Amino acid sequence: MKYSPRSRRLRVATVLAAAGLVLAACGSDSDSGSDAESGDFGDLTVQLSWIKNAEFAGEFFADSKGYYTDAGFSSVTLNAGPGATENLVLSGNADFGLTNAVTVGQIVAEEDAPLKIIGTTYQKNPFTILSLQSGGNIATVEDLKGKRIGVQAGGNEVLFDALLAANDIDPSEVTKVPVEYDPAPLVNGEVDGFLAYVTNESIIVESQGLPVTNLLFADNGLPFVAESIIATDETIANEPEKVKAFLEAEILGWKDACNDIEGGAALAVDEYGKDLGLELDKEVQQATIQCEELILTEDVQANGFFTITDDLIDENMATLAAAGIDLEAEDIFDLSLLTELYEDKPELKD
């Protein structure tokens, strides 16, 4: 395979009125003459985890190039986040959703939710403790000690606590400062570090001419997959061909996204996120980082997009344990249909 080289937050799943959270969508009904008859699987709704920026370049390509409709979906709706993704999928307001292993683990453990991760876009999660080189300069977990760290309430706080636990750091050695998602408190010197995304806030702060340091969770005791596709147990059991059709369209879309970084960024800026005031340079940088550092690992190059190795699943389960989530791998992962898809169509790996 040849490929060119945020801020949405972990949310503790709560019982919400999911229908009221469905946001405006951007869809298309293209027809490229595929083997599948258009409309076989009906309408498709995908719940994104964040605003329509380059984070979803693969979905934008799959939609704009007609891969979803080629696969047999009669119409396509991409719902912008943030929202209660797990509940939207559970309630039937979305067929599939994009989230992460920790959030899924929380709702499965706490509510026995019948959800599974059926594949993942990001092999590495993009969470980081962002700091200024001229300020906190937090390059190692030991550097956290004695520092003021801006942490968002909810799932992010659970995750930060797990980072400390995984590295044997006593919480009393760190001052946790409540913040929202704007990194202004870091820039203004109110905190020494800020829980962020390496693909979003880190880029935003650095674009202000401020050199930054990133302490990546994935490299410091908390590896877990993100932008992971979820479906209900019922969908997996009763509509396997629909699931495989969706996964095939996603694979094709993400192949395009990592082959055409600027094209994916332009789709975000000019079409799908055109009302958001996105900046092309930032979106190109985000798309580059996510493909080069989070998606196109050696395992993906060998096994195909969305696959998750047994070793990576083991690492995810260790992270969940560090976050106080007691589950077995089969409680949240079901890659059987993705495996079947690649067995049926090995050319998708090329």
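The angle about the S-S bond is -85°, and the link of C258 and C291 is left-handed.

Before going on, a word on what you are looking at. This is a predicted model, in which local features need pLDDT of at least 70 and side-chain atom pairs count only at pLDDT 80 or more, while totals for chains, interfaces and linings use all residues. Residues are numbered from 1 along each chain as its sequence is written, and side-chain values use heavy atoms, with hydrogens and water left out. The helices (H or I, at least four residues) and strands (E, at least two) are DSSP runs, numbered from the N terminus.

Back to the cysteines: are they buried or exposed? C258 has a relative accessible area of 0% and is buried, and C291 is buried too, at 1%. Buried means under 20% relative accessible area, exposed means over 50%, and partly exposed is in between (1.4 Å probe, protein chains only).

The axes of α9 and α11 are 9 Å apart, and the packing angle is about 115°. That makes α9 roughly perpendicular to α11. Axes are lines fitted to C-alpha atoms, for helices over the stretch in contact, and angles run from 0 to 180 degrees between N-to-C directions. Angles under 35 degrees count as roughly parallel, over 145 as roughly antiparallel, 65 to 115 as roughly perpendicular, and the rest as oblique. On the α9 side the contact is made by W254, A257 and C258, and on the α11 side by Q290, C291 and I295. Contact means heavy atoms within 4.5 Å. Sorted by class, the contact of α9 with α11 has five nonpolar residues, one polar and no charged. In this sorting, Ala, Val, Leu, Ile, Met, Phe, Trp, Tyr, Cys and Pro count as nonpolar, Asp, Glu, Lys and Arg as charged, and the others, Gly among them, as polar.

Another helix pair is worth a stop. Helix α1 (residues 57-64) and helix α10 (residues 261-272) have axes that come within 9 Å and cross at roughly 75°. So α1 is roughly perpendicular to α10. From α1, the residues A57, F60, F61, D63 and S64 meet G263, G264, L267, A268 and Y272 of α10. By class, that contact has six nonpolar, three polar and one charged residues.

Now for the strands. Five of them form an open sheet in the order β2-β1-β3-β10-β4, with mixed pairing. Two strands pair if DSSP finds at least two bridges between them. Which strands stand at the edges? They are β2 and β4, each pairing on one side only. Neighbouring strands in this sheet are turned by 25° against each other on average, direction ignored.

Strand β1 (residues 42-47) runs parallel to β2, joined by six bridges, and Q47 has N79 as its bridge partner in β2. Strand β2 (residues 73-79) is mostly covered, with five of its seven residues buried. Further along, strand β3 (residues 96-100) pairs with β10 in the antiparallel sense over four bridges, with T99 partnered by S228. In strand β10 (residues 226-232), seven of its seven residues are buried. Strand β4 (residues 115-122) also runs antiparallel to β10, over six bridges. There, I117 stands opposite I230, and Y122 has A226 as its bridge partner.

In the loop between β4 and β5 sits N125, which counts as buried at 1% relative accessibility. Leaving out residues up to four places away in sequence, N125 touches F217, A218, L222, P223, F224, A226 and L294.

Strand β5 (residues 127-132) runs antiparallel to β9, joined by five bridges, and I129 has L215 as its bridge partner in β9.

Definitions and conventions. Disulfide = S-S within 2.5 Å.
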